[in-house]
Amino acid sequence: MRVNEKYSTLPAEDRSVHIINICAIEDIGYLPSEGTLLNSLSVDPDAECKHGLYFRDGRRKVDYILVYHPKRPSGSRTLARRVQHGDAAPAARGARQDRPLPGKGDVGAAGGPEPPTDYHEDDKRFRREEYEGNLLEAGLELERDEETKIHGVGFVKIHAPWNVLCREAEFLKLKMPTKKLYHINETRGLLKKINSVLQKITDPIQPKVAGHRPQTTKRLSYPFSREKQHLFDLSDKDSFFDSKTRSTIVYEILKRTTCTKAKYSMGQGEGRKKDSALLSKRRKCSKYGITSLLANGVYSAAYPLHDGDYEGENVEFNDRKLLYQEWASYGVFYKYQPIDLVRKYFGEKIGLYFAWLGVYTQMLIPASVVGIIVFLYGCATVDENIPSMEMCDQRHNITMCPLCDKTCSYWKMSSACATARASHLFDNPATVFFSVFMALWAATFMEHWKRKQMRLNYRWDLTGFEEEEDHPRAEYEARVLEKSLRKESKSKEKRRHIPEESTNKWKQRVKTAMAGVKLTDKVKLTWRDRFPAYVTNLVSIVFMIAVTFAIVLGVIIYRISTAAALAMNSSPSVRSNIRVTVTATAVIINLVVIILLDEVYGCIARWLTKIEVPKTEKSFEERLIFKAFLLKFVNSYTPIFYVAFFKGRFVGRPGDYVYIFRSFRMEECAPGGCLMELCIQLSIIMLGKQLIQNNLFEIGIPKMKKFIRYLRLRRQSPPDHDEYGKKRQRYEADYTLEPFAGLTPEYMEMIIQFGFVTLFVASFPLAPLFALLNNIIEIRLDAKKFVTELRRPVAVRAKDIGIWYNILRGVGKLAVIINAFVISFTSDFIPRLVYLYMYSQNGTMHGFVNHTLSSFNVSDFQNGTAPNDPLDLGYEVQICRYKDYREPPWSEHKYDISKDFWAVLAARLAFVIVFQNLVMFMSDFVDWVIPDIPKDISQQIHKEKVLMVELFMREEQGKQRLLGTWMEKDRKKDEPCNSHGPKAGLDSPEYPGGAL
């Protein structure tokens with residue numbers, strides 16, 4: 001049914017607002033009274049103090065905002081809409097009349113020439129009018145405001161009346177609290193005392209938010225039903241559906257409401273030439289709602305409103321201000337998050353993200369404590385470490401082979417004393433324990449989160465919630481329509497060549513008109529349609545990974561060439577610090593490249609996902625997450641993987657080195673191993689990403705964008721912009737905020753950090769500590785961004801964190817394998833054990849350094865590779881040492897791999913197998929021991945089901961008693977009349993079934 005709209009110019013004082021109202025809705029028999037329609041025309045003098053949160057009448061709350069750019073020909077003036085309230089009932093049955101083009105009548109009356117018309121803008125305007133008319137038919141109430149403080153921007157305010165909220169809540173199966181209260185099972189005995197003590201201890205760090213403390217009672221929840229409204233407490237209908245629920249309901253209506261018959265009044269001359277293009281564009285937009293209208297520029301933005309301002313002396317208290325004070329302030333960093341209030345304001349999906357981030361941050365506390373203990377153990381035992389003491393002992397006088405060809409000379413092992421001592425801080429027996437601990441920590445964290453998630457599902461009435469299939473995306477519908485039109489054109493061409501029999505022309509026209517709709521219902525995108533996109537995805541991802549490898553190779557060449565250049569320096573201090581200088585500068589280059597490529601890969605992943613044309617938003621998000629995570633994982637960890645598993649593995653030996661491009665000799669690890677360099681690489685990249693990408697970018701970029709928007713609006717607005725800015729309505733202030741771009745970037749940075757904490761934790765025990773410090777800031781930073789800098793996102797119901805949980809589990813499993821290889825192949829833990837139990841003369845580590853070094857006769861250098869200055873140490877060198885297990889030059893098989901190498905390799909592989917299987921078994925055991933659903937929560941869920949059955953049974957029994965009472969009264973009433981007329985039954989009109 002259409003609304004019969006008529007337009008007339010409002011008085012001057014009301015000219016700034018265009019008012020649209022709603023009439024009858026047949027499906028629920030709702031008809032607004034004349035008083036309701038009059039309310040849309042009466043202006044509340046106190047409405048301005050509402051700051052744009054209500055309609056002009058000051059009673060109907062704004063649930064959603066649509067923003068557009070009204071563009072009119074020159075000489076036009078603002079026209080206002082007005083509903084003629086005298087014929088409300090006939091309007092409900094009539095057809096909506098088209099609104100005349102703005103300024104059209106004025107120009108014609110003046111007798112001047114008709115200004116040039118922008119047909120694309122007129123087409124957008126017609127689409128808006130049709131779409132808004134369809135919203136009216138859906139039951140929403142609209143109010144337009146074009147004369148705003150923001151130049152060239154118009155707003156459509158949307159209000160959902162009570163009957164629409166009830167209807168949609170029933171469609172969406174929203175669980176709402178009933179009148180029934182029940183007591184939650186409390187712990188008894190010792191547990192109760194422990195909980196009371198913990199509550200007293202944690203009282204100072206609890207947020208001052210109502211309902212944050214554990215509740216002893218809970219309202220029974222039930223999916224809303226209009227037939228069972230008596231079950232719910234409807235004493236205050238204005239607050240029964242909160243602002244988050246109202247905006248969710250309106251957004252669902254906006255998504256499914258379509259514009260299918262946008263009329264276009266073509267002009268003369270050039271206008272007709274554009275007919276086909278406009279018609280094609282309109283047909284592509286013919287089946288989708290707000291998502292496609294936003295994508296095609298019909299509307300520029302759509303968002304729900306914030307509850308009000310968050311700071312100021314005279315600001316009315318609201319949930320946004322409470323969140324700002326108790327959650328989004330750096331001064332409350334030590335407090336728990338008010339998760340229930342976050343969920344109430346932003347919805348379950350965002351609430352689950354912050355709940356997960358809070359659980360992850362809490363779990364980092366024990367990991368940080370153990371990491372600090374491991375680090376302190378390394379510091380305490382560094383002076384007792386025999387291998388490092390032997391390396392630092394000047395008396396051993398071990399001469400090492402040159403680190404590069406020609407320019408590098410022989411060097412003393414004692415010069416690497418500082419590196420050896422520092423390596424012990426991270427390469428000690430406690431590191432193995434810490435790796436096992438972190439693997440179990442990851443498994444415990446996942447189980448703890450699953451239990452926390454179930455508690456939140458119970459508290460937020462999400463038990464039994466199943467996500468329904470989402471509406472198809474605009475791009476998917478466009479591709480389906482395009483495919484259906486191609487099929488239609490092919491079928492027409494086939495029919496041309498086949499002689500047709502005489503048919504009913506009217507019937508043929510109807511078939512032609514309905515062909516597009518029928519085809520789009522049947523046609524779907526298959527893998528054949530997406531095959532070019534899949535090939536593009538595969539080629540692009542492989543190419544991006546190859547680019548990452550190429551950059552790492554470039555950094556390797558930089559390290560090799562820089563080390564050779566610094567070795568030629570005449571300064572002894574420069575030559576002695578070659579390793580530190582090269583490592584630090586190379587890691588900084590890696591960090592800059594990683595940060596830049598992260599942004600590039602994010603854009604590429606989004607583009608690759610778009611060309612796949614996923615059907616729903618959920619499918620789009622999951623595919624985007626997978627591609628972005630894959631590319632960013634490779635980008636972030638490739639330099640670290642190189643140092644951990646490849647550096648120093650394929651060097652060769654003196655006299656037979658391996659070269660890159662026949663020019664650059666592969667670099668070697670330090671005598672103390674590559675673990676120290678791995679620690680430097682990991683720490684700089686992790687801390688750099690957290691400081692620059694996660695914090696500075698998150699703070700700086702939004703503020704820069706906000707400042708640019710402010711300058712743009714100030715340039716477009718009148719000179720008294722500052723005065724107007726102080727009086728801006730809520731929807732105008734929210735329009736200047738940054739649009740919400742989803743939770744993918746927030747999750748992504750935390751998952752990458754989780755990888756730094758778990759994957760290579762054997763080389764950097766302090767990683768959990770730095771992650772903890774970062775997350776304490778990150779929570780408040782994200783909270784402040786959501787409360788103060790972003791438009792309010794549409795609340796989305798969700799019962800878990802989706803694909804991110806599977807990624808976390810995958811990273812946790814991968815961490816076990818990587819740490820096993822780091823301990824076995826990167827550190828010297830296994831070679832020490834082998835030496836201690838197989839080769840040590842006295843059961844100590846004395847002689848270990850000498851055991852790991854092989855000898856080389858300098859006369860065996862290849863031509864052109866020997867040092868230019870062989871007497872740099874002051875004496876002639878005949879035998880130099882290098883780190884490897886090879887036969888000495890005086891052996892029969894000189895420079896061949898020795899038996900010691902195979903013994904160590906066998907021990908390393910055995911350790912990997914034992915470590916991996918043992919830790920995996922322990923992790924699975926933890927998974928099995930800890931139930932996914934807490935026992936008390938499963939009992940409460942069962943109790944709710946029982947109480948709900950009892951409630952309905954009592955209701956049915958009450959109905960039966962009432963029915964019996966009425967039947968008894970009816971029988972007594974009709975007994976005197978038995979001889980005069982037929983007995984009245986239950987089917988009599990006096991007792992309609994609906995009354996029961």
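## Aromatic pairs

Start with the rings: this predicted model has a count of 53 aromatic pairs. One of them joins W327 and F346, with ring centres 6.3 Å apart and 50° between the planes, which makes the pair tilted. W327 sits in the loop between α12 (319-326) and α13 (339-346), while F346 belongs to helix α13 itself, so this pair ties together parts that are 19 residues apart in sequence.

The protein chain has a mean pLDDT of 78, and 80% of its residues come in at 70 or more. One stretch to treat with care is residues 73-115, where pLDDT is below 50; the model still gives this stretch 102 contacts beyond near neighbours in sequence. Residues 982-996 also have pLDDT below 50, and here the model shows 14 contacts beyond near neighbours in sequence.

## Helix α17 against α33

Two packed helices are described by the angle between their axes and the distance between the axes. For helix α17 (residues 429-459) and helix α33 (residues 935-974), the angle is about 25° and the axes are 10 Å apart. The cut-off for roughly parallel is under 35 degrees, so α17 counts as roughly parallel to α33. As for handedness, α17 passes α33 in a left-handed crossing.

Who touches whom? On the α17 side you'll find M454, R455 and Y458, and they meet D936, I937, Q940, I941 and E944 of α33. Sorted by class, the contact between α17 and α33 has four nonpolar residues, one polar and three charged.

## Helix α17 against α29

α17 also packs against helix α29 (residues 803-826): their axes come within 10 Å and cross at roughly 170°. Angles over 145 degrees count as roughly antiparallel, which means α17 is roughly antiparallel to α29.

From α17, the residues in this contact are V432, S435, A439, M446, E447, W449 and K450. Facing them from α29 are Y805, L808, R809, V816, N819 and I823. The class tally for α17 with α29 is eight nonpolar, two polar and three charged residues.

## Helix α29 against α32

α29 has another partner in helix α32 (residues 899-929), with axes that come within 9 Å and cross at roughly 150°. That angle makes α29 roughly antiparallel to α32. The crossing of α29 past α32 is right-handed.

On the α29 side, the contact is made by R809, K813, V816, I817, N819, A820, F821, I823, S824 and F825. α32 brings L905, R908, L909, F911, V912, F915, Q916, V919, M920, D924 and D927. Split by class, the contact of α29 with α32 comes to 13 nonpolar, three polar and five charged residues.

Terms used
Residues numbered from 1 in each chain as written. Predicted model: local features only at pLDDT ≥ 70, side-chain atom pairs only at ≥ 80, totals over all residues. Heavy atoms only, no water. pLDDT = per-residue confidence, 0-100. Contact = heavy atoms within 4.5 Å. Axes fitted to C-alpha atoms, helices over the stretch in contact; angles between N-to-C directions. Helix = DSSP H or I, 4+ residues; strand = E, 2+ residues; numbered from the N terminus. Parallel < 35°, antiparallel > 145°, perpendicular 65-115°, else oblique. Left-handed = near helix turned anticlockwise from the far one by under 90°. Nonpolar A, V, L, I, M, F, W, Y, C, P; charged D, E, K, R; others polar. Phe/Tyr/Trp six-rings, centres within 6.5 Å; stacked < 30°, edge-to-face > 60°.
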